[in-house]
Amino acid sequence: MVNKFINGVDAVIIAVSGKGGTGKTMVSSTLVKLLAQTGKDILAIDADPDSNLPEALGVPVEKTVGDVREELKKDTAAGNIPAGANKWDILDYKIMESVIETPGFDLLVMGRPEGSGCYCAVNNMLRKIIETLSSNYDAIVIDTEAGLEHLSRRTTQNVDIMLVVTDPSHRGILTAQRIGELAKELEINFKKLYLVLNRVKKEDEEELRNKVAEIGIDLVGLIYEDALISEYDMEGKPLIELPDDSYPVKTVSEIVDKILNS
Ligand SMILES: Nc1ncnc2c1ncn2[C@@H]1O[C@H](COP(=O)(O)OP(=O)(O)OP(=O)(O)O)[C@@H](O)[C@H]1O
Ligand SMILES: [Mg+2]
């Protein structure tokens with residue numbers, strides 16, 4: 001996998017978005033798998049409050065950014081922060097601590113705060129985290145929360161490549177279209193914005209290709225409904241263990257080649 005992108009000073013940042021349940025996590029975990037195989041430094045970020053990227057990557061999670069933030073809040077309230085200490089420095093340090101290292105890649109899970117805390121507070125930290133960590137990695141893959149809010153909150157405004165995943169459902173395609181439109185309205189200039197059509201049945205392919213041709217986002221890949229993914233799902237096996245020569249991995253590999261080399 002040659003690419004001109006992963007040679008810069010800052011990481012190439014790839015975000016995966018779309019309606020809930022369309023395959024964001026499947027695409028994200030397979031991207032991480034393939035990028036990790038290049039031997040480059042890869043960070044995966046699970047920015048979905050209903051996080052399931054760690055399971056797909058087969059990585060147990062002890063601490064999320066949400067947890068770290070709660071701890072800091074409690075420490076501050078209890079007066080446990082030393083006088084003169086900068087709260088933001090402590091938070092930075094603690095966030096670094098919650099990066100989970102694995103042999104192939106690192107993982108950061110945003111998580112959600114305990115109790116009634118607003119998830120947006122955690123998610124608003126994402127932009128700063130990306131800025132801080134960008135120089136430490138060659139590529140960052142973000143599995144975003146479902147829907148559009150990461151755009152309106154501008155947490156994904158600094159990503160280079162936005163992959164919008166949709167399944168064949170009308171609502172999935174509508175959400176994808178809306179993501180494209182909203183990015184334009186908010187003047188968020190992704191270097192590249194691409195559509196991935198997932199869970200397609202062969203007999204519907206042509207009709208779906210025609211349908212998505214109208215929504216104004218370049219179709220970069222089409223992934224068929226795949227029995228092996230369903231099997232892994234049923235057995236609770238991490239999707240990162242899908243074999244390299246399996247259909248979905250080969251298809252996502254073609255997508256990686258296209259997005260990183262064009
Ligand atoms: N091409 C495919 N073939 C068969 N099953 C698939 C395919 N892509 C995804 N799935 C399955 O569809 C379900 C939803 O996929 P996934 O969890 O990746 O979506 P998501 O967009 O991350 O969902 P959420 O918004 O809930 O996080 C999962 O059970 C996944 O294994
Ligand atoms: Mg998911």
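I take two strands to pair if DSSP finds at least two bridges between them. Helices (H or I, at least four residues) and strands (E, at least two) are DSSP runs, numbered from the N terminus.

I note that this is a predicted model, in which local features need pLDDT of at least 70, side-chain atom pairs count only at pLDDT 80 or more, and totals for chains, interfaces and linings use all residues. Residues are numbered from 1 along each chain as its sequence is written, and chains are lettered from A and ligands numbered from 1 in the order in which they are written.

**Sheet.** I looked up strand 2 (residues 42-46) and found that it pairs with strand 4 (residues 106-109) in the parallel sense over four bridges. Ala44 stands opposite Leu107 in strand 4. The open sheet has eight strands in the order 3-4-2-5-1-6-7-8, with mixed pairing. Strand 3 (100-101) and strand 8 (218-224) are at the edges with a single partner strand each, so one side of each has no neighbour in the sheet.

**Helices.** I then turned to helix 1 and helix 10 (residues 247-261), which pack at an angle of about 75° with their axes 10 Å apart. Axes are lines fitted to C-alpha atoms, for helices over the stretch in contact, and angles run from 0 to 180 degrees between N-to-C directions. Helix 1 is therefore roughly perpendicular to helix 10 (the term covers 65 to 115 degrees). Among the contact residues are Val27 and Leu31 of helix 1 and Val252 of helix 10; contact requires C-beta atoms, placed from the backbone, within 7 Å.

Note on methods: Parallel < 35°, antiparallel > 145°, perpendicular 65-115°, else oblique. Contact = placed C-beta atoms within 7 Å.
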